[in-house]
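Thanks for coming. I will go through a few points, and you can follow along on the screen.

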Amino acid sequence: MPPNDDDDDDEGAEVETVLAKKVERASASAATFALTIIAGPDRGKSFVLGAGQPSRVLVGQSPACELRLSDRMISRRHVAIELQSARLRVTDLASTNGTFINGITILDAMCGGGEQVQIGETTIRLDLLAGVEKVQLPTATRFGRLVGQSAEMRKLYPLCERLAASSVPVIIEGETGTGKEVLAESLHEMGPRASGPFVVFDCTAVPPNLVESALFGHERGAFTGATESRRGVFEEAHGGTLLLDELGDLELSLQAKLLRVLERSEVQRVGSNRPVKVDTRVLAATRRDLDQEIQAGRFRDDLFFRLAVARIELPPLRRRAGDVTVLAFHFWRHLAGKGAPFPSDFAQRLESYTWPGNVRELYNAVARRVALGDLAAIETARSAPAEAGPSSVPSAPMSSRGQDVIEEVLAQDLPLTRARERVVEEFERRYVTRVLAQHGGNVSKASAASGIARRYFQLLRARHGS
């Protein structure tokens with residue numbers, strides 16, 4: 001998603017109307033609740049939600065939980081309790097022994113006060129402390145490249161602004177496709193290190209035997225094939241920010257070495273005895289539940305506590321009420337151009353789907369519609385709403401050569417899914433070539449104008465040889 005620029009003030013009257021209505025609705029009523037332990041080892045302990053206090057609390061044995069309990073029968077991160085308007089949402093976090101409300105097993109439930117939550121040997125009473133009052137959420141509808149006007153997102157922006165101004169480590173959690181890398185890049189670009197490098201290291205993309213070298217660098221002759229000395233990503237990010245993507249997949253042996261680097265702010269290249277000082281802010285992103293990974297012995301708790309100075313959990317798209325339409329408009333404008341009308345029936349079809357692939361899946365759906373027009377269905381891992389015939393609003397016009405490509409693909413009599421892939425591949429290749437040319441080959445500017453993270457743009461560029 002691109003950063004703020006002058007074009008963002010020209011989203012179009014239709015988009016502005018959508019935003020205005022939804023932002024107004026997002027100013028919601030709220031209440032204040034007390035969570036009081038009435039039975040169990042921690043009897044007497046309490047926590048307040050609302051009235052200027054946090055609106056969400058994690059309950060469990062983990063030190064990372066805001067309400068930490070000593071009950072050995074509960075999980076490290078057992079249950080989440082979140083204030084939503086004038087009620088509390090109680091969500092079991094795949095705990096070992098389950099969560100019960102008034103004796104009934106629940107996975108996800110809404111409470112109004114007076115209920116008792118049982119976890120392990122602990123009972124928590126939910127008490128409504130204050131009457132309902134109107135709470136004005138922040139009016140911002142984006143943070144850097146991160147776009148969203150839902151209450152779920154607008155609650156995060158003040159925290160994001162504070163974290164951007166600091167240099168503390170941050171763990172960014174969330175499902176695949178929720179925008180973790182986009183948020184990390186926004187924290188970098190909105191902070192004091194913006195002029196420094198932003199480096200992404202994907203812990204799943206490098207062979208295990210090369211991860212240490214990629215992280216910390218190596219000297220010439222350190223191993224077979226090391227024909228020259230090379231800096232690792234910590235040195236490359238010196239003076240800037242390093243994003244360790246999918247940190248939860250890093251092997252245990254390397255987690256110990258990573259911890260030493262974070263504690264000493266210095267790296268030691270493979271094959272060298274000389275430490276190198278680095279000034280690098282570290283952000284970590286993961287789709288995994290690190291508390292569960294620690295409990296299973298797959299992640300070091302000392303590394304977790306060193307990184308979890310701050311934590312942000314990006315909500316899945318299905319919880320971001322109204323953001324599907326706003327994001328679809330946003331992606332459409334950057335993919336099809338400001339002059340291309342948004343199909344009148346497209347938003348309704350998008351809103352009726354749950355988007356298990358989150359924002360990334362939505363982006364791909366919009367890209368397909370831009371490339372294929374009415375031929376584009378919402379293809380996902382699960383069944384999507386059926387397309388209801390041609391749209392009354394014309395799609396963005398394609399070039400004459402684009403029409404030739406479609407005819408060529410049709411002439412091959414391929415299955416629908418493969419034919420669609422061929423057309424999308426051609427669209428992506430031309431799009432990347434065009435936007436690079438517009439920005440003089442500058443990948444950073446081209447990715448920002450494209451509305452996607454820099455690393456994803458580079459992957460597209462490599463895939464299509466642009």
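R77 has a relative accessible area of 11%, under the 20% cut-off, so R77 counts as buried. Keep in mind that this is a predicted model. Which residue forms a salt bridge with R77? The partner is D289, with the closest N and O atoms 3.1 Å apart. D289 sits in the loop between β21 and α8, and R77 in the loop between β4 and β5, so the pair ties together parts that are 212 residues apart in sequence. D289 is buried as well, at 17%.

In total there are 27 salt bridges. Another one pairs R56 with E82, at 4.0 Å between the closest N and O atoms. R56 belongs to strand β3 and E82 to strand β5, so this bridge links parts 26 residues apart in sequence. R56 is partly exposed, at 23%, while E82 is buried, at 7%.

R429 and E426 are both in α14, three residues apart, about one turn of the helix. Their side chains meet at 2.7 Å, N to O.

Now to strand β18, residues 241–245. Five of its five residues are buried, so β18 is largely enclosed by the rest of the structure. T241, L243 and D245 cover one side, and L242 and L244 the other. Strand β18 pairs in the parallel sense with β15 over five bridges, and five bridges also join β18 to β21, again parallel. L244 has F201 as a bridge partner and A284, in β21, as another.

Last, helix α12. Of its 15 residues, 13 are buried, so α12 too is largely enclosed. Just after α12, G373 takes a positive phi of about 65°.

Definitions and conventions
Residues are numbered from 1 along each chain as its sequence is written. This is a predicted model: local features need pLDDT of at least 70, side-chain atom pairs count only at pLDDT 80 or more; totals for chains, interfaces and linings use all residues. Side-chain values use heavy atoms; hydrogens and water are left out. Buried means under 20% relative accessible area, exposed over 50%, partly exposed in between (1.4 Å probe, protein chains only). Helices (H or I, at least four residues) and strands (E, at least two) are DSSP runs, numbered from the N terminus. Two strands pair if DSSP finds at least two bridges between them.
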